[in-house]
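Please load the model in your viewer and keep the selection panel at hand.

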Amino acid sequence: MHIAVLTVSDTRTLETDKSGDTLVERIGPRRHVLADRAIVTDDVAVIRAQVAEVDRRSRHRGGDHHRRHRRHGRDVTPEALEGLFEKRIEGFGEVFRWISFQKIGTSTMQSRAIAGVANATYIFALPGSTGACKDGWDDILRQQLDIRFRPATSPS
């Protein structure tokens, strides 16, 4: 499966994006391909444009995408992505918060983890901390994106 990692941040660079590095490290050994990696500012139009660009490029090579976000005052990632979703994957955010609650307690209520489908592409948004990315990948996405576990079928 082709996966893109999109970090939404006004302050991170590829050199300082540790949580993005965490996801990239986990994608490779799992028989997936890192199709794209980018960092964009916390702006609805910019986020949507980048998602559309990754989707456009993937149409030429075929693939699905993984996206994540970081929460802070300007966090608009969920709103930007929800505007693109044709279908929401309600259980993703709920399961992420349940897993996270077991590790960090009620602080997980601040998580805005969401997922959905747009243009037959899965989109997952995780909080930007390294721990959240590890939890999201290790405890949910690793199996959901692996056909051997019979999880997700084509999103269309």
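How many bridges join S1 to strand S2, and in which sense do the two run? Select residues 33-40, which are strand S2, together with S1: seven bridges join the two strands, and they run parallel. Two strands are taken to pair if DSSP finds at least two bridges between them. Within this pairing, isoleucine 3 stands opposite leucine 34 in S2. S1 is mostly covered, with six of its seven residues buried; buried means under 20% relative accessible area, exposed over 50%, and partly exposed in between, with a 1.4 Å probe and protein chains only.

**Conventions and confidence**

The model is predicted: local features need pLDDT of at least 70, side-chain atom pairs count only at pLDDT 80 or more, and totals for chains, interfaces and linings use all residues. Residues are numbered from 1 along each chain as its sequence is written, and side-chain values use heavy atoms, with hydrogens and water left out.

Colour the chain by pLDDT, the predictor's confidence in each residue, from 0 to 100. The chain averages 84, and 84% of the residues score at least 70. Now select residues 61-72, where the pLDDT is below 50; beyond near neighbours in sequence, this stretch has 76 contacts in the model. A contact means heavy atoms within 4.5 Å. Where pLDDT is low, the predicted coordinates should not be read in detail.

**The whole chain**

Switch to a cartoon view. The secondary structure comes to five helices and five strands, and from the N terminus on the elements run β-α-β-α-α-β-α-β-β-α. Helices (H or I, at least four residues) and strands (E, at least two) are DSSP runs, numbered from the N terminus. Of the 156 residues in the chain, 45% are buried. Among contacts with a separation of 6 or more, 75% are between residues 24 or more positions apart.

**The antiparallel sheet**

Next select S3, S4 and S5. These three strands form an open sheet in the order S3-S4-S5, with antiparallel pairing. Strand S3 (87-88) and strand S5 (121-125) stand at the edges, each with a single partner strand, so one side of each is left without a neighbour in the sheet. S3 pairs with strand S4 (residues 114-118) over two bridges; arginine 88 has glycine 116 in S4 as its bridge partner.

**The aromatic cluster**

Show the side chains of Phe92, Tyr122 and Phe124, which ring pairs link into a cluster. The structure holds two aromatic pairs. One of them, between tyrosine 122 and phenylalanine 124, is stacked, at 6.1 Å centre to centre and 25 degrees between the planes. Rings of Phe, Tyr and Trp (its six-membered ring) pair if their centres lie within 6.5 Å; planes under 30 degrees apart count as stacked, over 60 as edge-to-face and the rest as tilted. Tyrosine 122 counts as buried at 8% relative accessibility, as does phenylalanine 124 at 7%.

**Helix H5**

Select residues 130-144. Helix H5 has 15 residues and reaches 20 Å from its first C-alpha to its last, close to the 21 Å expected at 1.5 Å a residue; the expected span is 1.5 Å times one less than the number of residues. A kink of about 40 degrees is centred on tryptophan 137, where the bend is the angle between axes fitted to the seven residues ending there and the seven starting there. The buried residues of H5 include Ala132, Trp137 and Leu141. Against what do the buried residues of H5 pack? Their partners are strand S1 (2-8), helix H1 (18-27), helix H4 (90-104) and S5.

Select histidine 32, in the loop between H1 and S2. Histidine 32 is buried, with a relative accessible area of 9%. Leaving aside neighbours within four places in sequence, histidine 32 is in contact with Met1, Ile3, Ile27, Trp137 and Leu145.

Move to aspartate 21 in helix H1, which is partly exposed at 22%. Beyond four places in sequence, aspartate 21 is in contact with Leu14 and Arg37. The C-alpha atoms of aspartate 21 and arginine 37 are separated by 9.9 Å.

Finish at arginine 48 in helix H2 (residues 44-61), which is partly exposed at 32%. Not counting residues up to four places away in sequence, arginine 48 touches Glu79, Ala80, Gly83 and Leu84.
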